[in-house]
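Trainee: I have not seen this structure before. Please put it up, and I will ask about it step by step.
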Amino acid sequence: MTSNGTLVSALQTRRQEILATWLAQLEHISASSKGRLSSKDLGRQADDFLTILASAAQAHGTDDAGAEGWQSVREFLEDLSRQRVLAGFSSDETATFIFSLKRPIFDALGKVCSDDAENLAEQLWAATELLDKLGLHTVKTFQASREEVIGRQQTELLELSTPVVKLWDGILALPMIGTLDSARTQIVMESLLQKIVETESQIAIIDITGVPTVDTLVAQHLLKTVTAIRLMGADCIISGVRPQIAQTIVHLGVDLLGVTTKANLADALALALKRNGISFVKH
Amino acid sequence: MDRIPILKMGEFLLVTIQVDMHDQLALQLQDDLTRAIDRNGAKGVLIDISALGMVDSFIGRMIADISGMARILDAKTVLVGMQPAVAITLVELGLSLPGVATALNVERGMRLLRQTLAESDDDANFIKR
């Protein structure tokens, strides 16, 4: 702790100088990030960061940035990463915020220990180590925040993608959109079966117009759903089979015998109404 | 020991499973039901499993087996009221119960039984003529 006294004092005595050089660098680098962050905000962030960095360094030494005393610095960086994720920054742009601080600090150290080469080397090493650790922490948080965003979007997608629609008394429709994987099929199947029980519907129409591709796995998922619906005592019609998908299914050798398929939802609805004994008369 | 009651309604048998099945109970039911079909000359069997919340592979196969045995004894079998979780489990176990008729509830199951029976009567008459 005492050995890094020069670094600590440099951070405090030459603060204005460091801040000015750092800001100039940040401005230069962040020319590409125009519009996402104003230079006023950037200046404030840099100013705040230097303040807590200096106070943490003074109070707890610069040896271990993972220590308890550095909590406030880490929290500041975590907040910063989170904000940058939401603002759409890339990971390297975020990390540069910390790494661009190296140059100003090195300059300041150089001026402070201009006559003591040994001490300068030691201080430079301490500063590098400290900033690297903080930079890595920033990147780590940046990635964690981004994964959090992705996870949330995934659950939202799952919820969005399973609407079971009642078309008529006793007729349900499930318009499927997007690629079908095991997890989605499971949720789709469960919500459809639950709805069948609730509404006592005899016919369920699965519309696959929005499914881009059908491979053996997707076909198997579909067959499973159809079988489960049959076991519950309802009937299932698959609609929206595009010519391309019909070709694929036959080429894959998937057996869709015993499953009623229709080219579009209208045909499927007409068939379902007919099975329920409902007919329309045009006046 | 508890048993699952088998009710006779005309030429149909009605089995409602109101408790969670355990292995011994399922075996007992298999035994009782086949005897009952034989004794009553039943033409149709309706098995209501709406209260069955979960199945394992053994019970799943038992349900399939019972339906199959009833069919061989010339009684139409209709399985009614299967819960979504049970249906998903059976499908995942690969038990798709081919040849077993299903219906959403007892009422529809009865209607289906009468319908299929009426159709098979027509067939029989046709052959006699």
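Trainee: In which helix of chain A is A:Leu53 found?

Mentor: This is a predicted model, where local features need pLDDT of at least 70, side-chain atom pairs count only at pLDDT 80 or more, and totals for chains, interfaces and linings use all residues. Residues are numbered from 1 along each chain as its sequence is written, while chains are lettered from A and ligands numbered from 1 in the order in which they are written. Helices (H or I, at least four residues) and strands (E, at least two) are DSSP runs, numbered from the N terminus. A:Leu53 is found in residues 39-60 of chain A, which is helix α3.

Trainee: Is A:Leu53 buried or exposed?

Mentor: A residue is buried if 20 or more other C-beta atoms, placed from the backbone, lie within 10 Å of its own, exposed if 12 or fewer, and partly exposed in between. A:Leu53 has 26 other C-beta atoms within 10 Å, so A:Leu53 is buried.

Trainee: Which residues does A:Leu53 touch, not counting those up to four places away in sequence?

Mentor: Contact here requires C-beta atoms, placed from the backbone, within 7 Å. With residues up to four places away in sequence left out, A:Leu53 touches A:Leu11 and A:Val73.

Trainee: Which strands stand at the edges of the open sheet in chain A?

Mentor: The order of this sheet of 5 strands is β1-β2-β3-β4-β5 (chain A), with mixed pairing. Two strands pair if DSSP finds at least two bridges between them. Each edge strand has a single partner strand, so one side of each is left without a neighbour in the sheet; these are β1 (165-168) and β5 (260-261) of chain A.

Trainee: In β4(A), what is the bridge partner of A:Ile206?

Mentor: Strand β3 (residues 203-210) of chain A and strand β4 (residues 235-239) of chain A run parallel, joined by 5 bridges. Within β4(A), the partner of A:Ile206 is A:Ile238.

Trainee: What stands opposite B:Val45 in β4(B)?

Mentor: In chain B, strand β3 (residues 44-48) pairs with strand β4 (residues 76-80) in the parallel sense over 5 bridges. The residue opposite B:Val45 is B:Thr77.

Trainee: How many residues has the largest nonpolar core?

Mentor: A nonpolar core is a set of buried Ala, Val, Leu, Ile, Met, Phe, Trp, Tyr and Cys residues joined through C-beta atoms within 7 Å. Among those with the most contacts inside the largest core are A:Met232 and B:Val45. Helix α9 (residues 216-232) of chain A gives this core its largest share, 7 residues. The total for the core is 70 residues.

Terms used:
Two residues are in contact if their C-beta atoms, placed from the backbone, lie within 7 Å.
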